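Reader: Hi, I have a chain to look at and I'm new to this. Can we go through it together?
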Amino acid sequence: MSKHLYAQQSDLVLKAEELVYSNPVEAIKIADHILNISQKPNENATANLLLAKSYMAKGDYDNAIVYAFDEVNQLEEVDVNTRIENNIIKARLLRKLYLDPQSIECLNKARALNSEILLEKDRFEYHIFLEHINMLLDRLKINEAITELKEKEIQFKSFLDNNENEKRTYYLLTTKAYNSLNQYDSAFVYMDKTFELLNTSQNNNLYEKALTYKESGLLYLQNKEFKKSKETLFIALQFAEILDNQFLLEQIHRDLAINYLASNQNNQHNVYYKKFLNLNNSIEEIEQQSVNTYFNIISRQEESQLESYKSKYNQYLFISFAVAIFIIIIGILILIKSENIKKRKREIINYLEVSRNIFTKVKPTQNVQKQVNKRLVIPEETEQNIILKLQRFEKSLKYLSKDMSLALLAGQFETNTKYLSEIINKNYNDNFNTFINKLRVNYIIEKLKNDTNYINYKISFLADESGFSSHSNFTTVFKGIVGMSPATFINLLKIEREEILNNKET
């Protein structure tokens, strides 16, 4: 490549980097051009990295995965800094798709590569740390996140003082952490620091601005400052619409719907709640497609690697080795899923236990053993696909819909009611109605325990909020699952909170 062409390509890279989070569409066009004229692995990897970051900014995780997981990105010929950043981007993508073990693996690769370099070591170590904190916050390990944020603030003090953009990101994450713990005074302190740096910044990062105003809107909402909340959320909405990021739009519409519901503006609540549900459906499709793309890419790469060994090994030995590796991978995935299911059950049980033995131990519902003459024979691939959709369904809020039924959910899952019912019975030991009711009850319990406003709401509001058709139906189901009525549960929560306040005062 001539010096002139190399200089031109370097200028294009810098231009694309400036546009990634302000105009990702234009950044993608430039990066595509760079990729087309690139002749070396390092140049291809740089273009792939720009494309992956730009598609992430747009919320297009499917295309982001394609470029982030291109095999050329991790070749030895590629600059180690590019490889480190690529692994961080891959970790972020996988975290957002709830593929935590794979995300952690990529982050560990980034750490290993970072130990080999001298220049920019602090920057990459800081970005690896940020991704780790985001994982903790997303998985609701808030206290652990805050502890590490405080510890690392000292370690990265010099770096942050010399990098205002990085300091702004640190402040925003700290705001989010304190907001999640309902420590609003601390959250507002760090939010003010974030805006102070944001207002003086020359960097037009629309993605960061959307995140900052969204978090600010949520903070005002939880502090019952509904007018300020709406103002900041609508600013966040403008930035998210420019980026056309479905994930940001979904979160902002959800927060606006909650705002209007809390401020008794039911018509506006209905408008934004419907928009939220539509976006939630789109996101579920995006996530499913992205996960499929990831596993297809990994599968093709593994097959390509195995093919390279055919000339060195006997065909039968190769097949035996491949089968063994496949069985081990499947076994590990099954163990991980099994542990996740057990962990979720333990979390539900622990969630219902109240400190200082104020609450009586919740009696689990008795499972009636069913005598089944014939079990449905469901293809393993179909069963695993439905289980994955059920897990995503649990993380969504679709179960709050009063219209939710076995037939409707089966239609959304593109399966039949017999298969869906059988898999729910087999994996959750519940029929469909009990499965839905437990999700709804757990949802409202989380609200009662984590949002102080909810214990003051009427039971009829709680019933409607959690998707039940009537006050009486909600009370009956709640008592059957928890072992006490909603009113009793709320009273005990109030007693516990009063005791905690009294202990703090003394």
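Reader: Let me start with one side chain. Which backbone oxygen does the side chain of Gln-301 reach?
Author: The backbone oxygen of Phe-69, at 2.5 Å. Keep in mind that this is a predicted model.

Reader: Where is Gln-301, and what else does Gln-301 touch?
Author: Gln-301 sits in helix α15, residues 266-307. Leaving out residues up to four places away in sequence, Gln-301 touches Phe-69, Asp-70 and Glu-71.

Reader: How far is Gln-301 from Glu-71?
Author: Along the chain, 230 residues. Their C-alpha atoms are separated by 7.6 Å.

Reader: Is Gln-301 buried or exposed?
Author: Buried. Gln-301 has a relative accessible area of 17%, and the cut-off for buried is under 20%.

Reader: OK, zoom out. How many helices and strands are there?
Author: The chain has 23 helices and 0 strands.

Reader: And how much of the chain is buried?
Author: Buried residues are 44% of the 506 residues. The chain exposes about 27700 Å². Carbon and sulfur atoms supply 51% of that area.

Reader: What share of the contacts joins residues 24 or more positions apart?
Author: 65%, counting contacts with a separation of 6 or more.

Reader: Now the inside. How many residues are in the largest nonpolar core?
Author: 47 residues. Tyr-126, Phe-129, Ile-133 and Leu-137 have the most contacts inside this core.

Reader: Which helix gives the most to this core?
Author: Helix α11, residues 184-200. It gives 8 residues.

Reader: What does Tyr-126 touch?
Author: Phe-156, Phe-159, Leu-160, Glu-166, Thr-169 and Tyr-170. That list skips residues up to four places away in sequence.

Reader: What lies apart from that core?
Author: Another core, of 44 residues. Among them are Leu-50, Ala-110, Ile-128 and Tyr-294.

Reader: I spotted Arg-168. Where is Arg-168, buried or exposed?
Author: Arg-168 is in helix α10, residues 164-180. Arg-168 counts as buried because its relative accessible area is 1%.

Reader: What does the side chain of Arg-168 make a polar contact with?
Author: The side chain of Glu-208, at 2.9 Å. Arg-168 is also in contact with Thr-194, Leu-197, Leu-198 and Ser-201, among residues beyond four places in sequence.

Reader: Why mention that?
Author: Most residues other than glycine have a negative phi.

Reader: How exposed are Asn-182 and Glu-414?
Author: Asn-182 is partly exposed, at 28% relative accessibility. Glu-414 is exposed, with a relative accessible area of 72%.

Reader: Back to helices. At what angle do α4 and α5 cross?
Author: Roughly 145°. The axes come within 10 Å, and the crossing is left-handed.

Reader: Which residues of α4 and α5 make the contact?
Author: From α4, Tyr-61, Ala-64, Ile-65 and Ala-68. From α5, Asn-86, Ile-89, Lys-90, Leu-93 and Lys-96.

Reader: Next, His-253. What does the side chain of His-253 reach?
Author: The backbone oxygen of Leu-249, at 2.7 Å. His-253 is in helix α14, residues 246-262. His-253 is buried, with a relative accessible area of 7%.

Reader: Which residues is His-253 in contact with, leaving aside neighbours within four places in sequence?
Author: Leu-237, Tyr-272, Lys-275, Phe-276 and Leu-279. His-253 and Leu-279 are 26 residues apart in sequence. C-alpha to C-alpha, they are 8.7 Å apart.

Reader: Last one. Is Ala-236 buried or exposed?
Author: Buried, with a relative accessible area of 0%. Ala-236 lies in helix α13, residues 226-243. Beyond four places in sequence, Ala-236 is in contact with Ala-210, Tyr-213, Lys-214 and Ile-252. The C-alpha atoms of Ala-236 and Ile-252 are 7.4 Å apart.

Methods: Residues numbered from 1 in each chain as written. Predicted model: local features only at pLDDT ≥ 70, side-chain atom pairs only at ≥ 80, totals over all residues. Heavy atoms only, no water. Helix = DSSP H or I, 4+ residues; strand = E, 2+ residues; numbered from the N terminus. Buried < 20%, exposed > 50% of the residue type's maximum accessible area, 1.4 Å probe, protein only. Polar contact = N/O pair within 3.5 Å; in protein donor to acceptor, adjacent residues only side chain to side chain. Contact = heavy atoms within 4.5 Å. Areas by Shrake-Rupley, 256 points an atom, 1.4 Å probe, with all protein chains shown as cover. Core = buried A, V, L, I, M, F, W, Y, C linked by side-chain atoms within 4.5 Å. Axes fitted to C-alpha atoms, helices over the stretch in contact; angles between N-to-C directions. Left-handed = near helix turned anticlockwise from the far one by under 90°.
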